[in-house]
Amino acid sequence: MKILLIGEKGQLAWELIRTLMPIGEVIPVDYPAFDITDKSQIEDTVSAIQPDLVINASAYTDVDRAETEREKALAVNAEGPGWLAQICHKCGISLIHYSTDFVFDGTKQTPYTESDAPNPINFYGLSKLKGEQAIQNETDSALIFRLAWLYSARGNNFVNKFLEWAKKYETIKVVDDQVGNPTWARFVAEATAAILAQSFCGGSPLTDWVRQRAGVYHLTSGGEASRYDWACKILEYAPDREQLRVKEVLRAKNKDFPTSAARPAYSPLDCGKIVKVSQITISNWESQLFSLY
Ligand SMILES: NC(=O)c1ccc[n+]([C@@H]2O[C@H](COP(=O)([O-])OP(=O)(O)OC[C@H]3O[C@@H](n4cnc5c(N)ncnc54)[C@H](OP(=O)(O)O)[C@@H]3O)[C@@H](O)[C@H]2O)c1
């Protein structure tokens, strides 16, 4: 299987490149050599590579900056994925795309299912929701996985940021009124590979196999944690604790840290649908974090 992977230098793509190796030949591309907002570049790349599958791990992920760079966020997260889906559909190629828990407003008291109505409260969430819709308008052979609170050993994520703060400060305040699913990018990459591997047993062409399962799926770690819970566990599991300056992690509230973009207060996702369809196992957020080190 030939897989065109968009967003090569991102934290999820980094894991996908390694995890998908036994599944097929992965051809990674990234900005600026490949720009998802350039329709003719998508056409040229797809026709030159002729992949069996396209995986889009690219995105505009700066949640706060998206409030002011709205056109750019929309182009990368919605228009580009829509064109990609249109071109994939025309060429008979399936698409895997990733979305976010930030499509929800965070007012629910229990984990969100795929049948809950999205209602984004920031522009990043809105642009990602428009991306989901654009893809579904253009192709009937796409899997869209909604992820949450992604981290990996590389990249600009909360785990790496918190460890940097822990080297510099004795006291760190972290909010306890934002709850979600801290999810290891490698888990998402391995789940993607495990789901794809199942297509080999079906006997039908990949496009048909994906078409039979097409839709939105929640794919995160299990359980739920506040950012404060997450920070405490990062510290507990940190391999070089003695080199850290931090002595205490204190609870804080969202209102103490005003940001340009609002965040949903409660955005855990219910992964029951993907478990039912693919039989994958959803590991708990603490075991995923423990496995990072
Ligand atoms: N990070 C999270 O907490 C989180 C949570 C939920 C869902 N997600 C979703 O999960 C997916 C993977 O996220 P991630 O954290 O791995 O993202 P990431 O590390 O920010 O990587 C995104 C990649 O996309 C590239 N990109 C940006 N604009 C592009 C363009 N016009 N054309 C082609 N590539 C472009 C970026 O390149 P540059 O670095 O050069 O801009 C970067 O390499 C995304 O769909 C994201 O929305 C992420």
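Me: What makes D229, W230, K233, I234 and Y237 in α8 residues that meet α10?

Reply: Contact means heavy atoms within 4.5 Å. By that criterion these five residues of α8 meet W285, E286, L289 and F290 of α10. The model is a predicted one, in which local features need pLDDT of at least 70 and side-chain atom pairs count only at pLDDT 80 or more, whereas totals for chains, interfaces and linings use all residues. Residues are numbered from 1 along each chain as its sequence is written, and side-chain values use heavy atoms, with hydrogens and water left out.

Me: How many residues of each class does the contact of α8 with α10 have?

Reply: The contact has six nonpolar, no polar and three charged residues. Here Ala, Val, Leu, Ile, Met, Phe, Trp, Tyr, Cys and Pro count as nonpolar, Asp, Glu, Lys and Arg as charged, and the others, Gly among them, as polar.

Me: Why is the crossing of α8 and α10 called right-handed?

Reply: A crossing is right-handed if the near helix is turned clockwise from the far one by less than a right angle, and left-handed if anticlockwise. The axes of α8 (residues 227-237) and α10 (residues 285-292) come within 10 Å and cross at roughly 35 degrees, and their crossing is right-handed. The axes are lines fitted to C-alpha atoms over the stretch in contact, and angles run from 0 to 180 degrees between N-to-C directions. Helices (H or I, at least four residues) and strands (E, at least two) are DSSP runs, numbered from the N terminus.

Me: Which element gives the largest share of the shell around the ligand?

Reply: That element is β4, with three residues. The shell as a whole divides into 13 nonpolar, eight polar and four charged residues.

Me: What is the form of the peptide bond from Y31 to P32?

Reply: The bond is cis, with omega near 5 degrees. P32 lies in the loop between β2 (25-29) and α2 (39-49).
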